[in-house]
Amino acid sequence: MARQIVIPGDLVAEQALKIEHSYIDNGKTYAKVLGLLDTEKGTIVPLEGIWSPRIGDTVVGIVTGMRSTVYEVDLDFFGRSILIGSKYDRHTYKIGEVIEAEVKDVEDRKTIILTRPQSLFGGTILSVKPTKIPRVIGKANTMVQQIAAMTKSNIIVGNNGLVWMKGGDIGLATAAIRKIESEAHTQGLTEQIKMMLEKGTTNA
Amino acid sequence: MASKADKPELIIGNKRLDGRGFNDLRPLKVEASVLKNADGSAYVEWGNNKILAAVFGPKEAMPKHVQDPVKAIIKCKYSMAPFSSMGEHGRSGPNRRAIEISKVTREAFENVVMLNDYPGSEIDIFIEVLQSDGGTRAAGITAAAVALASAGIHMKDLIYAVSVGKIGEELVIDMNMIEDNYSDSDMPMAISPRNGDVLLLQMDGIMSKSEVKKGMAMVLEAGKAISKIQKDALNKVYSRGENGNGV
């Protein structure tokens, strides 16, 4: 795979192409973010930056306010995130409660509407760089499943950069996630993490 | 600014006081992502200038009444450390000069940052001059551009800035403090290298129309070297990702 680093203003294509994290000027396509350009697939993966919400993303957040049946949720994002309670759902959420939810809609790039909420009781929240989250999840959830299985923790990874963990060896799971975050662009990371976890669990 | 009676000889033979030619920049060193707590940061050493730039955001704009529902706002703070300069020049505190430089820097970046991608948010840029030797506003913009890129903020281009001045009949690029104090004219410029857009243009002293044109050409020529150093700094941080792996 041919990957190269692009910097804002770098020419990506001589034609006007619709690529995420790029813009079109004068019929040519330029990068608008510091990222990795895959020349074969024609995609740009940002190396730094904030979460860009998409419909269907799983998020972890904290309920920060409520008005009748509308809850405000803090997702560590600049915009507003709201959860509209269903009239058939008797469950009420308290301020300060941690929830897992799915992004139902994004309005004007800043208002996030959540759906399918689920309370998360207890546990710890870890903040991870949103650009490294795909690596923490791994291909088809392999990475997060591996960590969860070997540390016997419950782990829920939110695309917004918040990771919820409970039970098991949280210290080891945290160390593994921090390692993924700092070495997200190295090869054979799954094996490295596996070795680290095996070593960590036998020591304990 | 204006020529003084005790003006020193700034050009001896075809060389400037520090031995540079008219088109030579001072040695420039840029380092990206130097601060852990900032979202993006950069450190620039440009001759004797030492400048640190940090970027935070995009985050929710506070207080709420400054929010713009359709675009992000930029807040910029340029400040000189109390120990940064040799004389009393521009030292410390939010004085008239610091406020002006913060404003022109903000306006330069408002043209390249894609503000519409982050409605209702705020982006903070902090430029701290640790040691100054002339041309700090240009060096500050050069540093802040790298800091913004390393924060992953959407931008149209990685901009740079440099000053061009006039000593006697000669145009010189990237003046240092002594040249700046006794020169006939000083013109800092910020340029978007992709299409040559001028984002900042200020001038002290007098230059003729043809001199301004010639000065601009010198800035664009010197900018190629500055842009390359900026890009190399960013590449260096992430070069481990080049070998076909990454996310």
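At what angle do helix H2 (residues 142-151) of chain A and helix H3 (residues 170-182) of chain A pack?

**View 1. Helices H2(A) and H3(A) packed together.** The two helices pack at an angle of about 155°, with their axes 10 Å apart; axes here are lines fitted to C-alpha atoms, for helices over the stretch in contact, and angles run from 0 to 180 degrees between N-to-C directions. H2(A) and H3(A) are therefore roughly antiparallel to each other, on a scale where angles under 35 degrees count as roughly parallel, over 145 as roughly antiparallel, 65 to 115 as roughly perpendicular and the rest as oblique. Met143(A), Ile147(A) and Thr151(A) of H2(A) meet Leu172(A), Ala173(A), Ala176(A) and Ile180(A) of H3(A), where contact requires that C-beta atoms, placed from the backbone, lie within 7 Å. This contact has six nonpolar residues, one polar and no charged; Ala, Val, Leu, Ile, Met, Phe, Trp, Tyr, Cys and Pro count as nonpolar, Asp, Glu, Lys and Arg as charged, and the others, Gly among them, as polar. Helices (H or I, at least four residues) and strands (E, at least two) are DSSP runs numbered from the N terminus.

This is a predicted model, in which local features need pLDDT of at least 70 and side-chain atom pairs count only at pLDDT 80 or more, while totals for chains, interfaces and linings use all residues. Residues are numbered from 1 along each chain as its sequence is written, and chains are lettered from A and ligands numbered from 1 in the order in which they are written.

**View 2. Ile44(A), a residue of strand E6 (residues 43-46) of chain A.** With 22 C-beta neighbours inside 10 Å, Ile44(A) counts as buried, a label given when 20 or more other C-beta atoms lie within 10 Å, whereas 12 or fewer make a residue exposed and counts in between make it partly exposed.

**View 3. Ser119(A) in strand E11 (residues 111-120) of chain A.** Ser119(A) has 12 C-beta neighbours inside 10 Å and therefore counts as exposed. Although Ser119(A) and Val98(A) are 21 residues apart in sequence, their C-alpha atoms are 6.2 Å apart in space. Beyond residues up to four places away in sequence, Ser119(A) touches Tyr93(A), Glu97(A) and Ile99(A).

**View 4. Helix H2(B) beside helix H1 (residues 96-110) of chain B.** The axes of H1(B) and H2(B) come within 11 Å and cross at roughly 40°, and the two helices are therefore oblique to each other. Ile101(B), Thr105(B), Ala108(B) and Phe109(B) of H1(B) make the contact with Arg137(B), Gly140(B), Ile141(B) and Ala144(B) of H2(B). Five of these residues are nonpolar, two polar and one charged.

**View 5. Helix H2(B) beside helix H4(B).** Here the axes come within 10 Å and cross at roughly 35°. Residues of H2(B) in this contact include Thr142(B), Val146(B) and Ser150(B), and those of H4(B) include Ile226(B) and Leu234(B). The contact residues divide into six nonpolar, three polar and no charged.

**View 6. The side of chain B that touches chain A.** In this view 32 residues of chain B are in contact with 31 residues of chain A. Strand E5 (49-60), helix H2 (136-150) and helix H4 (209-238) of chain B each supply at least two residues of that side, and the largest share, four residues, comes from H4(B).

How values were computed: Two residues are in contact if their C-beta atoms, placed from the backbone, lie within 7 Å.
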